[in-house]
Amino acid sequence: MSFDAAMSIRLPPECETALLERFLKAEAMALWTVRSARLQDVPPNVYAFLRKHEEDEEQHLAQFETMIGRQPRERERLPSVPRQWPALAVQLYGYESLGLEFATLLVTLRPDLVSIRKDELVHVEFFEHEIRRLLKDGASAAEQTRVSALAWWRKLPRTVDRYLEAAVLDPYRQALTERILSVIEQRFRETGLLEREETTMMTLLRRDEEEGR
Ligand SMILES: [Fe+2]
Ligand SMILES: [Fe+2]
């Protein structure tokens, strides 16, 4: 679903460097987040998956470092992640979904990088499965998962904005933002994370714009 949808936006070749730069940062962040998640108290099957996940993100980062010819800025500390598994699962699921949309976009310019997109799809599918499990896991886990999802989702427009920060992307920013937000919203709804939320992401986005946030 998301691949075909995002395929409809094609960036011109002059956007490639900017997109690779974004990826260098995003892959580094994904790697640090997975490392941080591995230090938390997560279910055993998740812990096992995170080891493989960490290897994938290490490899992705190394690829972008080679292409760009430099390393991302070092961090002194790993990023903090939620301690509670439902909130952590939402964060991992959300960022991997976002990563998948960017990888889809990247592949339109760099079809040779399709293996990165395939990995991102595996990551998304794993956490999607865990989210579905949490939603069936009893009222309290389900509630915590949905509350976390709503909080993450409401911050998404600003996150996407940060990801698209580059002058060369200016002419495409609005179309890209709308596409990415609607694909992720649809994904969250299909998983059952947003079923009781009537407001659509587009309404939230417009409201934020009107309020000048
Ligand atoms: Fe990645
Ligand atoms: Fe990933």
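User: Are H2 and H4 roughly parallel or antiparallel to each other?
Analyst: H2 and H4 are roughly antiparallel, because their axes cross at roughly 155° and angles over 145 degrees count as such. Bear in mind that this is a predicted model: local features need pLDDT of at least 70, side-chain atom pairs count only at pLDDT 80 or more, and totals for chains, interfaces and linings use all residues. Residues are numbered from 1 along each chain as its sequence is written.

User: Which residues make the contact?
Analyst: From H2 they include Phe23, Ala26 and Ala30, and from H4 they include Tyr95, Gly99 and Phe102. Contact here has C-beta atoms, placed from the backbone, within 7 Å.

User: What's the make-up of the contact of H2 with H4?
Analyst: There are 11 nonpolar residues, two polar and one charged. Gly counts as polar and Tyr as nonpolar in this scheme.

User: Switching over, how do H4 and H5 cross?
Analyst: The axes of H4 and H5 (residues 114-136) come within 8 Å and cross at roughly 155°. That makes H4 roughly antiparallel to H5.

User: And which residues meet there?
Analyst: Among them are Leu92, Glu96 and Leu100 of H4, plus Arg117, Leu121 and Phe127 of H5. The contact of H4 with H5 divides into 14 nonpolar, four polar and five charged residues.

Note on methods: Chains lettered and ligands numbered in written order. Axes fitted to C-alpha atoms, helices over the stretch in contact; angles between N-to-C directions. Helix = DSSP H or I, 4+ residues; strand = E, 2+ residues; numbered from the N terminus. Parallel < 35°, antiparallel > 145°, perpendicular 65-115°, else oblique. Contact = placed C-beta atoms within 7 Å.
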